[in-house]
Amino acid sequence: MSFFAGLDAESYDRTYRDADLARRMGRYFRPHLRKLIWAILAILVMSVAGAASPLLVAAAVERMTVGPLSPAMLSLAGLLFLMGILVWAANWLRRRLSAEAVGDVMLALRRDAFTASVGHDMSFFSAHASGRVVSRITSDTQEFAQVVVLVTDVVSQILEALIVVAALAVIEWRLTPWLLAFLPAIFFFSLGFRRIARRVTRRGFRAMANVNAIIKEAVTGIAVAKNFRQEGAIYDEFAAVNAQSYRINVERGFVLAAVFPTLNALAGLGTAILVYVGGMNVLQGLITYGAWYLFIQSLDYVWFPVLNVSAFWSQVQGGLSAAERVFALIDAEPAVVQTDHQSVPRLEGGIVFDRVSFRYTQEPVLENFSLEIRPREDVALVGHTGAGKSTIAKLISRFYEFQGGSIRIDGRDIRSLDLTAYRRQLGIVPQVPFLFSGTVVDNVRYARPEVSPVEVASLARRIGDGEWIETLPEGLETEVGERGARLSMGQRQLVSLLRVLVQRPAIFVLDEATANIDPFTEHQIQLALGLILEEATSILIAHRLSTVRAADRIIVLRQGAIIEEGNHRGLMQQGGHYAELYSTYFRHQSLEYIDRAPADWLGNAAEAKKTGKRP
């Protein structure tokens with residue numbers, strides 16, 4: 001699939017300045033300021049204790065150069081041990097507080113990212129693979145939250161480096177300017193490395209998002225793959241994307257891993273320069289051998305934190321790249337925009353399309369489309385694929401934004417209504433019913449958790465005296481499995497219809513399933529539909545003749561325009577497009593066709609036997 005071939009940014013991706021990212025990140029860390037302050041104090045203690053070690057060693061060496069060992073050496077050894085204990089305790093406290101802050105920030109960030117993603121309209125999920133969205137909510141938020149650990153490490157290393165530099169200035173001030181002159185070279189290299197690190201990190205995250213997306217699609221569609229014996233094909237596709245991710249992340253690893261050896265080489269060059277300059281000063285009698293030796297030996301206590309700070313910079317870039325991707329998801333502009341949030345009382349269900357224009361991309365689907373549906377009217381939409389039936393239902397549901405005209409519900413602009421309150425009065429059954437893992441009763445109560453199981457059972461028995469419940473192994477307590485896999489398609493449709501019936505919507509939208517089901521389930525479904533149609537305005541994308549005939553009005557669509565409307569008998573008498581659709585889609589469902597079909601089939605078979613042609 002070409003979908004997985006590239007590493008292009010999503011349409012909602014954007015680039016943030018480091019200052020903007022830092023400001024946004026600060027908002028998440030601000031509630032945990034007390035923990036961070038204690039972590040900083042622990043870092044300060046750890047840095048002072050860590051920097052004191054070379055000073056104590058230097059003092060011991062100086063004492064050894066001026067005289068024999070004395071009891072003071074035991075005191076120095078004890079202080080070194082105490083410094084080690086302080087470093088361990090302060091590091092443990094800092095790590096614990098940082099871990100708690102990371103967990104809290106990750107919790108808040110994932111909550112915001114998830115809330116933003118589920119708040120997007122259906123056009124967002126049509127345009128962007130759900131696996132990539134999942135990758136941002138899981139992997140990228142974790143990468144972002146780790147920034148706090150990196151920041152505390154950076155602060156610790158910077159403090160320790162500053163303290164050691166101050167100590168080295170005390171040991172031998174003549175060499176300190178040479179050290180300070182060399183440090184900017186390392187930092188400038190790190191800054192130059194920033195852009196490369198950000199770029200390869202972005203590519204690495206996108207590649208991993210592709211892997212997540214294809215795994216999700218493969219697992220979701222495994223039944224289809226097995227049905228067509230395409231396990232090898234989906235493995236090959238996964239292997240290709242996984243290999244692409246491998247190559248990109250190896251490249252990322254090489255780039256990020258190259259920084260430390262390069263910095264180490266620069267540090268070695270700096271040490272060599274200081275050895276040479278210090279040696280020349282020793283020969284001139286400006287510096288003692290002991291001071292020169294102590295200065296060189298203590299350089300590691302400077303280079304190590306400085307190199308760590310520079311190396312952490314690449315990891316911080318990874319965290320910033322992750323934050324950029326998460327914030328882009330949170331900040332993505334919704335396509336469906338409400339102009340107001342007016343309260344929505346119980347709707348009558350009158351719907352008016354007034355010269356509505358809509359297109360998914362550049363190809364128009366509806367152009368100046370007008371339609372009026374009266375309250376409590378049952379309207380069936382029929383037409384060939386691409387006629388605009390599902391589009392009308394999606395616009396009523398506010399899953400997509402129309403580009404022109406207006407849609408009014410009970411005389412009010414649909415864009416002015418509070419979207420959450422409006423959708424509470426919508427009952428929607430898609431063509432492929434979706435059930436969540438759990439029991440039948442759990443799925444029925446999904447929209448109204450306050451409904452008791454007793455009420456659910458009562459409503460379920462209104463459908464054909466509850467005979468369909470007996471077909472379930474454990475009745476309404478039957479586990480449906482993932483996506484309802486343990487139930488037949490007909491049973492899933494019944495559960496979906498019962499879920500809507502419990503909701504008691506003012507407007508009912510049904511995209512009827514095309515799958516063939518047994519006559520018993522067909523009868524039960526029609527009974528359930530009848531109960532819903534009694535109380536709601538209904539828009540039925542009909543694929544069954546029984547549903548079409550039950551409608552008050554049939555709207556015949558072709559290329560986004562209404563070409564016929566009326567009831568079944570009247571439209572059949574016209575002999576127009578509906579009669580053609582009836583012959584194509586519905587005729588085989590009629591009793592006349594079913595009664596005549598065996599005789600016709602036998603006649604065709606006899607004729608084929610004479611002529612030698614297949615019937």
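Arg 408 stands opposite Asp 413 in strand S5. Strands S4 and S5 pair there in the antiparallel sense, over 2 bridges. The model is predicted. Its chain holds 21 helices and 10 strands. Of its 615 residues, 46% count as buried. Among contacts between residues at least 6 apart in sequence, 80% join residues at least 24 apart.

**The four-stranded sheet**

- S4 and S5 belong to an open sheet of 4 strands, in the order S2-S1-S4-S5, with antiparallel pairing.
- The edge strands are S2 and S5 (412-413), and each pairs on one side only.
- Strands of a sheet pair through backbone hydrogen bonds, either parallel or antiparallel.
- S1 (residues 351-359) and S2 (residues 364-373) pair in the antiparallel sense over 6 bridges.
- In that pairing, Val 352 stands opposite Glu 372 in S2.
- S1 and S2 form a hairpin, with 4 residues between them.
- S1 also pairs with S4 (residues 404-409), in the antiparallel sense, over 5 bridges.
- Here Asp 354 stands opposite Ser 406 in S4.
- In a regular strand the side chains alternate between the two faces of the sheet.

**The six-stranded sheet**

- A second topic is the open sheet of 6 strands, ordered S6-S7-S8-S3-S9-S10, where the pairing is mixed.
- S6 (426-429) and S10 (561-566) stand at its edges with a single partner strand each, so one side of each has no neighbour in the sheet.
- From one strand to the next, the twist averages 15 degrees.
- S3 (residues 378-382) and S9 (residues 553-558) run parallel, joined by 4 bridges.
- Val 382 has Val 556 in S9 as its bridge partner.

**Helices lying across the sheets**

- Helix H12 (residues 389-396) lies across S1, S2 and S4, and runs at about 115 degrees to S1.
- H12 also lies across S3, S6, S7 (507-511), S8 (537-541) and S9, running at about 145 degrees to S8.
- H12 therefore lies across strands of both sheets: S1, S2 and S4 belong to the sheet of 4 strands, while S3, S6, S7, S8 and S9 belong to the sheet of 6 strands.
- Helix H17 (residues 519-533) lies across S3, S7 and S8, at about 150 degrees to S7.

- H1 (residues 18-29) has 12 residues.
- From its first C-alpha to its last, H1 reaches 16 Å, close to the 16 Å expected at 1.5 Å a residue.
- Which residues of H1 are buried? They are Leu 21, Arg 24, Met 25, Tyr 28 and Phe 29.
- Seen down the axis of H1, these buried residues fall within an arc of 145 degrees, so they line one face of the helix.
- An α-helix has 3.6 residues a turn, so residues three or four places apart point the same way.

**Helices H15 and H16**

- The axes of H15 (residues 453-461) and H16 (residues 489-503) come within 10 Å.
- The two axes cross at roughly 115 degrees, and the crossing is right-handed.
- Which residues meet where H15 and H16 come together? Val 456, Leu 459 and Ala 460 in H15 meet Leu 498, Leu 501 and Val 502 in H16.

**Gln 491**

- Gln 491 has its place in helix H16.
- Is Gln 491 buried or exposed? Its relative accessibility is 14%, so Gln 491 counts as buried, the cut-off being under 20%.
- Leaving aside neighbours within four places in sequence, Gln 491 is in contact with Thr 471, Leu 472 and Thr 521.

**Glu 348**

- Where does Glu 348 lie? Glu 348 is in the loop between helix H11 (300-331) and S1.
- Glu 348 and Ala 506 are 158 residues apart along the chain, yet their C-alpha atoms are separated by 6.6 Å.
- Apart from neighbours within four places in sequence, Glu 348 is in contact with Pro 375, Arg 376, Asp 410 and Thr 537.

Technical notes: Residues numbered from 1 in each chain as written. Predicted model: local features only at pLDDT ≥ 70, side-chain atom pairs only at ≥ 80, totals over all residues. Heavy atoms only, no water. Pairing = 2+ DSSP bridges. Contact = heavy atoms within 4.5 Å. Axes fitted to C-alpha atoms, helices over the stretch in contact; angles between N-to-C directions. Expected span 1.5 Å × (residues − 1). Buried < 20%, exposed > 50% of the residue type's maximum accessible area, 1.4 Å probe, protein only. Arc of directions from axis to C-beta. Left-handed = near helix turned anticlockwise from the far one by under 90°.
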